[in-house]
Amino acid sequence: MLLESNSFLRNMLLGLLRDAGANDVMVAKRGDTALNQIAERTPSVIIADWHTNSAPDEDRLKLVRTIRESDGAPFRDTPIVLISQPRTRREIERARDVGVSEFLFTPIAPVTLQDRLRSLDEQPRDFISSSRFNGPDRRRRERRAEGPVHKRMADVAAGLTSPMAAARAAAVALAHETQLTGDRLAIRVGRSLQRFITAVSDYTAIEAEVVEMHRAALAQLLRMAEEGNPLREPVVTGLEQVVAKRMGRR
């Protein structure tokens with residue numbers, strides 16, 4: 001599937017894809033058309049433009065999120081490649097966080113496109129589905145399946161750190177991440193998690209549940225912001241109340 005709104009770039013990319021061996025390419029000019037097409041016939045890869053000044057209804061990151069959160073859809077885990085002019089590190093991180101697989105920056109050399117497509121085919125990454133992230137594993141190294149889920153899991157499994165220390169490190173990282181967003185409500189969630197992790201002395205399934213609540217709240221805040229929903233503050237207030245009750249029981 002090739003999604004490109006600019007006719008000149010669309011024809012150029014279509015030629016590059018055919019030169020790379022793609023004999024069956026679905027083409028779309030708009031995101032809603034592309035979504036309808038991939039719902040009818042799942043492609044092996046989705047290549048889409050990522051223009052800076054696109055219309056709000058052509059927000060490519062919103063389209064990626066829609067694809068990644070389509071539970072049960074056969075196209076949900078299809079590799080997605082965005083094509084764009086060079087972007088900032090923060091923009092790239094945000095795109096990865098919504099589930100983008102790879103990036104290609106213009107101008108594109110034919111060999112670069114071919115190498116990227118070959119890599120997606122020969123080295124596929126596990127699809128991760130959680131409350132806060134749906135998409136290809138953002139870590140390039142092999143994922144470890146055993147043990148509790150938290151930051152620096154490999155270090156915990158190797159006995160280099162404890163689950164509690166790893167959970168605190170993850171809380172600090174998440175708080176820092178929310179600070180970078182500039183979103184005051186996201187910042188409150190990050191601070192809430194830091195306060196909770198600092199107050200507890202052990203990391204069990206109970207503490208893990210509270211951590212997951214914070215991650216779910218951040219995901220909900222992001223979705224509501226994208227949808228233009230103004231009623232975001234009650235999400236954070238409710239979370240803070242639940243955490244206060246949990247801490248009061250200790």
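Is Arg232 buried or exposed at 13% relative accessibility? In this predicted model, Arg232 counts as buried, because its relative accessibility of 13% falls under the 20% that sets the limit for a buried residue. The side chain of Arg232 meets that of Asp183 in a salt bridge, with a distance of 2.6 Å from N to O. The two partners belong to distant parts of the chain, 49 residues apart, since Asp183 lies in the loop between α7 (163-181) and α8 (184-199), while Arg232 lies in the loop between α9 (205-227) and α10 (233-248).

The structure as a whole holds 18 salt bridges. As a general point, side chains of opposite charge can pair when their charged atoms come close.

A further part of the model concerns the packing of two helices. Helix α3, which covers residues 60-68, packs with helix α4, which covers residues 89-98, at an angle of about 25 degrees, and the axes of the two helices are 8 Å apart. Angles under 35 degrees count as roughly parallel, and α3 and α4 are therefore roughly parallel to each other. On the side of α3, the contact is made by Leu61, Val64, Arg65 and Arg68, and on the side of α4 by Arg94, Ala95 and Val98. When these residues are sorted by class, the contact of α3 with α4 has 4 nonpolar and 3 charged residues, but no polar ones.

Arg65, one of the residues through which α3 touches α4, also takes part in a salt bridge, in which its side chain meets that of Glu69 at 3.4 Å from N to O. Arg65 is buried, with a relative accessible area of 8%, whereas Glu69, at 28% relative accessibility, counts as partly exposed.

Another salt bridge brings together the side chains of Glu91 and Arg87, for which the distance from N to O is 3.3 Å. Of these two residues, Glu91 counts as partly exposed at 29% relative accessibility, while Arg87 counts as buried at 16%.

Methods:
Residues numbered from 1 in each chain as written. Predicted model: local features only at pLDDT ≥ 70, side-chain atom pairs only at ≥ 80, totals over all residues. Heavy atoms only, no water. Axes fitted to C-alpha atoms, helices over the stretch in contact; angles between N-to-C directions. Helix = DSSP H or I, 4+ residues; strand = E, 2+ residues; numbered from the N terminus. Parallel < 35°, antiparallel > 145°, perpendicular 65-115°, else oblique. Contact = heavy atoms within 4.5 Å. Nonpolar A, V, L, I, M, F, W, Y, C, P; charged D, E, K, R; others polar. Salt bridge = Lys/Arg side-chain N within 4 Å of Asp/Glu carboxyl O. Buried < 20%, exposed > 50% of the residue type's maximum accessible area, 1.4 Å probe, protein only.
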